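Have a look at the sequence and the model first.

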Amino acid sequence: MSKIEVVNIKCHGCAKSIEDSLIKKGLKNIKVDPNSQTVEFDGDIDVAEKTLSKMGYPKAGSSEAVSLFKKAKSYASCMVGRLK
């Protein structure tokens, strides 16, 4: 099982969006923890990192982690998750 620490996970709406998107990419056993800002899964770590970044949840410590654009995208992803 792989684990990635990301930024911008605010709630369970975010977690739902992340889980749904990673499942569509073929990853399995996904666990998203908003408190620790971590995503655990079985599957390709590169696919997970790219998908998470596109959604607005880049890897902690990366240059994208401080991007206001990524933060805004995470709010959009969060709203989608809340609606499901």
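Is Asp-20 buried or exposed? Asp-20 is buried, since its relative accessible area is 15%; buried here means under 20% relative accessible area, exposed means over 50%, and partly exposed is in between (1.4 Å probe, protein chains only). Before going on, note that this is a predicted model, where local features need pLDDT of at least 70, side-chain atom pairs count only at pLDDT 80 or more, and totals for chains, interfaces and linings use all residues. Residues are numbered from 1 along each chain as its sequence is written, and side-chain values use heavy atoms, with hydrogens and water left out.

**The sheet**

Let's start with the strands. Helices (H or I, at least four residues) and strands (E, at least two) are DSSP runs, numbered from the N terminus. Two strands count as paired if DSSP finds at least two bridges between them. Here, three strands make an open sheet in the order β1-β3-β2, and the pairing is antiparallel. β1 (2–5) and β2 (28–33) sit at the edges with a single partner strand each, so one side of each has no neighbour in the sheet. From one strand to the next, the twist averages 15°; angles run from 0 to 180 degrees between N-to-C directions, with axes as lines fitted to C-alpha atoms, for helices over the stretch in contact.

Now for the pairs. β1 joins strand β3 (residues 38–42) over four bridges in the antiparallel sense, and Ser-2 stands opposite Phe-41 in β3. β2 and β3 also run antiparallel, again with four bridges, and there Lys-28 faces Asp-42 in β3. β2 and β3 form a hairpin with four residues between them, and Gln-37 in the turn has a positive phi of about 60°.

**Helices on the sheet**

Helix α1 (residues 12–24) packs on the sheet and touches β2 and β3, where contact means heavy atoms within 4.5 Å. The direction of α1 makes about 160° with that of β2. Helix α2 (residues 45–55) lies across β1 and β3, running at about 30° to β1.

**Salt bridges**

Side chains of opposite charge can pair when their charged atoms come close. A salt bridge is a side-chain nitrogen of Lys or Arg within 4 Å of a carboxyl oxygen of Asp or Glu, and a search of the whole structure finds three of them.

| Pair | N to O distance |
|---|---|
| Asp-20 and Lys-16 | 3.1 Å |
| Glu-49 and Lys-59 | 3.4 Å |
| Lys-70 and Glu-64 | 3.7 Å |

Asp-20 and Lys-16 both belong to helix α1, four residues apart, which is about one turn of the helix. Lys-16 is partly exposed at 33% relative accessibility. Glu-49 is partly exposed at 26%, and so is Lys-59 at 43%. In the remaining pair, Lys-70 is buried at 12%, while Glu-64 is partly exposed at 32%.

**Positive phi values**

Most residues other than glycine have a negative phi. Asn-8, however, has a positive phi near 85°. Asn-8 lies in the loop between β1 and α1 and is buried, with a relative accessible area of 13%. Asn-29 has a positive phi as well, near 50°, and is found in strand β2.
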